[in-house]
Amino acid sequence: MTPRLTRLNDALYRALRFALTLLMGLLIFPIVLQIVSRFTPGIPHFIWTEEIARFCFIWVIMLGAMIGVRDGTHFALDLWSHAPTPRAQAIGRLWVHAAMMVMALTFAGFGWRFALFGFAQQSELTGLNMLAVHIAWPLAGVVFALFLTEKFIEDIRLMRSHGPG
């Protein structure tokens with residue numbers, strides 16, 4: 001199971017990084033357009049640019065959080081920063097990853113309801129169905145859980161390989 005999960009997570013990680021790069025580029029466009037239209041006579045002031053920039057920013061944050069969980073750089077907590085053994089380090093990481101898994105499942109569960117709420121709404125300026133924005137939360141929860149499952153397996157392997165004591 002682990003090699004398949006690792007391959008899946010690797011592919012997902014690459015896709016997330018590509019999507020994040022794409023969205024950062026897309027985020028720049030409406031902001032530049034808004035600034036240029038504000039200071040250039042003859043160019044109309046676009047009101048939709050602020051909303052599109054906000055939606056892109058939300059996705060950038062959520063994608064960055066997903067990538068951060070895989071990298072181990074977003075939600076980090078040192079329970080035992082100087083654990084005496086690799087086994088103790090693995091146990092400490094297991095506790096942290098368990099707490100993160102609770103949050104991942106919370107994101108997935110409550111995020112799904114949030115997404116359904118968004119499905120019933122439309123953006124006033126762009127007419128975009130808000131599911132396109134709200135789906136980021138349950139998706140993040142599922143991706144967090146996938147990445148954390150791999151980390152759980154690694155922690156348990158490390159814990160078992162070094163035995164008690």
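1. A crossing is left-handed if the near helix is turned anticlockwise from the far one by less than a right angle, and right-handed if clockwise. The crossing of α1 and α2 is left-handed. Helices here are DSSP runs (H or I, at least four residues), numbered from the N terminus.

2. This is a predicted model, in which local features need pLDDT of at least 70 and side-chain atom pairs count only at pLDDT 80 or more, while totals for chains, interfaces and linings use all residues. Residues are numbered from 1 along each chain as its sequence is written, and side-chain values use heavy atoms, with hydrogens and water left out.

3. Start with α1 and α2. Helix α1 covers residues 2-39 and helix α2 covers residues 48-71. They pack at an angle of about 155°, and their axes lie 8 Å apart. Axes are lines fitted to C-alpha atoms, for helices over the stretch in contact; angles run from 0 to 180 degrees between N-to-C directions. α1 and α2 are therefore roughly antiparallel to each other. The classes are these: under 35 degrees is roughly parallel, over 145 roughly antiparallel, 65 to 115 roughly perpendicular, and the rest oblique. The contact of α1 with α2 has 22 nonpolar, five polar and five charged residues. Ala, Val, Leu, Ile, Met, Phe, Trp, Tyr, Cys and Pro count as nonpolar; Asp, Glu, Lys and Arg count as charged; the others, Gly among them, count as polar.

4. Gln-34 sits in helix α1. Is Gln-34 exposed or only partly exposed? Its relative accessibility is 23%, so Gln-34 counts as partly exposed. The scale is relative accessible area: buried is under 20%, exposed is over 50%, and partly exposed is in between (1.4 Å probe, protein chains only). Leaving aside neighbours within four places in sequence, Gln-34 is in contact with Phe-46, Thr-49 and Glu-50. Contact means heavy atoms within 4.5 Å. Gln-34 and His-134 are 100 residues apart along the chain, and 24 Å separates their C-alpha atoms.

5. Next, α1 and α5. Their axes come within 10 Å and cross at roughly 135°. α1 and α5 are therefore oblique to each other. α1 passes α5 in a left-handed crossing. On the α1 side, the residues that meet α5 include Leu-5, Leu-12, Tyr-13 and Leu-16. On the α5 side, Val-143, Phe-147 and Ile-153 are among them. By class, this contact has nine nonpolar, four polar and two charged residues.

6. The axes of α3 and α5 come within 8 Å and cross at roughly 160°. That makes α3 roughly antiparallel to α5. The contact of α3 with α5 divides into 24 nonpolar, five polar and four charged residues. α3 passes α5 in a left-handed crossing.

7. Which residues have the most contacts inside the largest nonpolar core? They are Leu-16, Leu-63, Met-66, Phe-144 and Leu-148, in a core of 30 residues. A nonpolar core is a set of buried Ala, Val, Leu, Ile, Met, Phe, Trp, Tyr and Cys residues joined through side-chain atoms within 4.5 Å. α1, α2, α3 (86-119) and α5 (136-162) each give two or more residues to this core. The largest share, ten residues, comes from α2. Not counting residues up to four places away in sequence, Met-66 touches Leu-16, Ala-136, Leu-139, Ala-140, Val-143, Phe-144 and Phe-147.

8. Phe-114 is in helix α3. At 31% relative accessibility, Phe-114 counts as partly exposed. Phe-114 touches His-134 and Trp-137, not counting residues up to four places away in sequence.
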